[in-house]
Amino acid sequence: MPPEPEHNVQRLRPRGEDLELVVGRGGSALAAPDRGATAWLVLKGHVRVQAQEGDFLLGPREWIVLGPGSSPLALAGPGGVLLGAFLGAEERAGLLPGRGRLERGERALALRLWLAHGGHAGDAALVRGFLASLQAEISAGAARCPGHSQRRKRQVLLRMQRARLCLEGHAGGGLLIADLARRVNFSPWYFSKVFHALYGIAPQQYAARARLERASRLLATTSLPITEVSAACGFDNPCSFARAFRARYGMSASEHRVRGLR
């Protein structure tokens, strides 16, 4: 049973701004409104984010941005520290769905921005600028998207980022590439072509890599038996999982788990 939503949660709201900032600590559950984009930044510990795009496991210094209608719920594990930003409807075009990792020094900067001025929310423009800077590499992908205008390229990038998140969020399997292509209003052939041009990998290969990365996280953050990790990541049998995991990480799942505990 999840913890109470307001347990260990601090809410901060700049006066006159359609922006809400939250700080969640270990054991907190944070639900975001559907009216705009949501950004989660993990400063410490591990956080599970459940949304329309799927189920995500985030570690220290990782962030995720989800679009309107995602209905995300973030569950912070023991000892975790999580920052959230709920942006209003006018901010929909400002951020792209996606995941990434904070660079050295950005974790401390983020916390200062959220807790500036003696516990009151800091300058909203600085927070928005900081979030946009995290997405600089993602935004640059628009140049590789088809389209006769920058606006069209940005629209294609937005669709592809949503699709990419869905692949990551459904790493346990059950999501067909053809279904995903239909979600973003592309044919399967065109979707695969644009995906490869944008990310340098075919969507099927990306989905396989996402499954193994999810397995790696489960091994590091849970005590689930390896057979259950294998099943949770969409593998038909433990043998195929063992071969794929060793090919990806150069060691067995058991060795990987032991190294993660050191």
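Reader: How much space lies in the largest cavity?
Author: This is a predicted model, and a search of the whole structure finds 1 cavity of 30 Å³ or more. The space in the largest cavity is about 40 Å³.

Reader: Which elements give two or more residues to the lining of the largest cavity?
Author: The lining includes Ala39, Trp40, Leu41, Trp63, Ile64, Val65 and Leu131. Those that give two or more residues are strand E4 (38-44), strand E7 (62-66) and helix H3 (124-134).

Reader: Which element gives the largest share of the lining of the largest pocket?
Author: The largest pocket has a volume of about 960 Å³. It is lined by 39 residues, and the closest to its centre are Arg99, Gly100, Arg164, Glu168 and Tyr206. Among the elements that give two or more residues to this lining are strand E10 (98-101), helix H5 (150-169) and helix H8 (203-221). The largest share, 8 residues, comes from H8.

Reader: Which side chain of opposite charge is nearest to Glu53?
Author: Glu53 sits in the loop between strand E5 (47-51) and strand E6 (54-58). Glu53 is buried yet has no salt bridge. A salt bridge needs a nitrogen of Lys or Arg within 4 Å of a carboxyl oxygen. At 6.2 Å, the nearest side chain of opposite charge is that of Arg162.

Reader: Which side chain does a polar contact of 2.7 Å join to that of Glu53?
Author: Beyond its neighbours in sequence, Glu53 touches residues including Leu66, Gly67, Leu165, Cys166 and His170. Ser70 is also one of the residues touched. The polar contact of 2.7 Å joins the side chain of Glu53 to that of Ser70.

Key
Residues are numbered from 1 along each chain as its sequence is written. This is a predicted model: local features need pLDDT of at least 70, side-chain atom pairs count only at pLDDT 80 or more; totals for chains, interfaces and linings use all residues. Side-chain values use heavy atoms; hydrogens and water are left out. Helices (H or I, at least four residues) and strands (E, at least two) are DSSP runs, numbered from the N terminus. Buried means under 20% relative accessible area, exposed over 50%, partly exposed in between (1.4 Å probe, protein chains only). Lys and Arg count as positive and Asp and Glu as negative; His and the chain ends are not counted. A polar contact is a pair of N or O atoms within 3.5 Å; within protein, one must be able to donate a hydrogen and the other to accept it, and residues adjacent in sequence count only if both atoms are side-chain atoms. Contact means heavy atoms within 4.5 Å. On a 1 Å grid over the protein atoms alone, a cavity is a set of points where a 1.4 Å probe fits but cannot get out, and a pocket is an open set with protein on both sides within 12 Å along at least five of seven lines; lining residues have an atom within 4 Å of a point. Grid points are joined across faces, edges and corners, and a volume is the space filled by probe spheres set on the points. Lists of a residue's contacts leave out its neighbours within four places in sequence.
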